[in-house]
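The points proceed from strand pairing to the core and then to the aromatic rings.

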Amino acid sequence: LDRSQVETVRVEGRLFEVRIAPTEVANEYRMLVVRATLVINPDPEVERARASNVARQFMDRTCKGQPYRMLQDNLVDEVNLETRFRCL
């Protein structure tokens, strides 16, 4: 994502790379959660749940504990989560 830096985080023993970047709209952000470890025959439902768990932590932190709303939520390549959210 343009204007973002990668942050590596370990959740449930798995590595993820998270990138967050602001959009042109106030209080709106794009986020990419990339599974940083190899997955063979991934279960998309399980991978979405794991990536969503990681994403929620970063949305809470970005919005400083304030409520937020998911505007977009796409699973890419069965393991990576691309999302857009707005702090309310």
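1. Two strands are taken as paired if DSSP finds at least two bridges between them; helices (H or I, at least four residues) and strands (E, at least two) are DSSP runs, numbered from the N terminus. Under these terms, strand 3 and strand 5 pair in the antiparallel sense, over 6 bridges. Within that pairing, M31 stands opposite T83 of strand 5.

2. On the basis of the note: this is a predicted model, in which local features need pLDDT of at least 70 and side-chain atom pairs count only at pLDDT 80 or more, while totals for chains, interfaces and linings use all residues. Residues are numbered from 1 along each chain as its sequence is written, and side-chain values use heavy atoms, with hydrogens and water left out.

3. The protein chain has 1 helix and 5 strands, and from the N terminus on its elements follow the order β-β-β-α-β-β. The radius of gyration, taken over C-alpha atoms, is 13 Å, close to the 12 Å that the globule rule (2.2 Å times the number of residues to the power 0.38) gives for 88 residues, so the protein chain is as compact as a globular protein of that length. Along the principal axes, the C-alpha atoms fill a box of roughly 40 × 25 × 20 Å.

4. Strand 5 also pairs with strand 4 (residues 68-76): 8 bridges join the two, which run antiparallel. Bridge partners here include N74 with E82 of strand 5 and R69 with R86 of strand 5. Strand 4 and strand 5 form a hairpin with 3 residues between them, and D77 in the turn has a positive phi of about 55°.

5. As to burial, 31% of the 88 residues of the protein chain count as buried; buried means under 20% relative accessible area, exposed over 50%, and partly exposed in between (1.4 Å probe, protein chains only). The protein chain exposes about 5,500 Å², of which carbon and sulfur atoms supply 46%; accessible areas come from the Shrake-Rupley method with a 1.4 Å probe, and for residues only the protein chains shown count as cover.

6. A nonpolar core is a set of buried Ala, Val, Leu, Ile, Met, Phe, Trp, Tyr and Cys residues joined through side-chain atoms within 4.5 Å. In the largest such core, which has 15 residues, V9, V18, M31, V33 and V54 touch the most other members. Strand 1 (6-11), strand 2 (14-22), strand 3 (28-35), helix 1 (44-62) and strand 5 (80-87) each supply at least two residues of this core. Helix 1 gives the most, with 5 residues.

7. Contact means heavy atoms within 4.5 Å. Leaving aside residues up to four places away in sequence, M31 touches several residues, among them V18, I20, A55, F58, M59, L81 and F85. Of the contacts in the protein chain between residues at least 6 apart in sequence, 41% join residues at least 24 apart. For M31 and F85, which are 54 residues apart along the chain, the C-alpha atoms are separated by 8.0 Å.

8. Is F85 buried or exposed? F85, in strand 5, counts as buried because its relative accessibility is 0%. Its contacts beyond four places in sequence include N27, Y29, M31, M59, C63, Y68 and L71.

9. Rings of Phe, Tyr and Trp (its six-membered ring) pair if their centres lie within 6.5 Å; planes under 30 degrees apart count as stacked, over 60 as edge-to-face and the rest as tilted. The count by this rule is 2 aromatic pairs. Y29 and F85 are stacked, 5.5 Å centre to centre with 25° between the planes. As Y29 lies in strand 3 and F85 in strand 5, this pair ties together parts that are 56 residues apart in sequence. The rings of Y68 and F85 have centres 6.4 Å apart and planes at 70°, so that pair is edge-to-face. Y68 lies in strand 4 and F85 in strand 5, so the latter pair ties together parts that are 17 residues apart in sequence.
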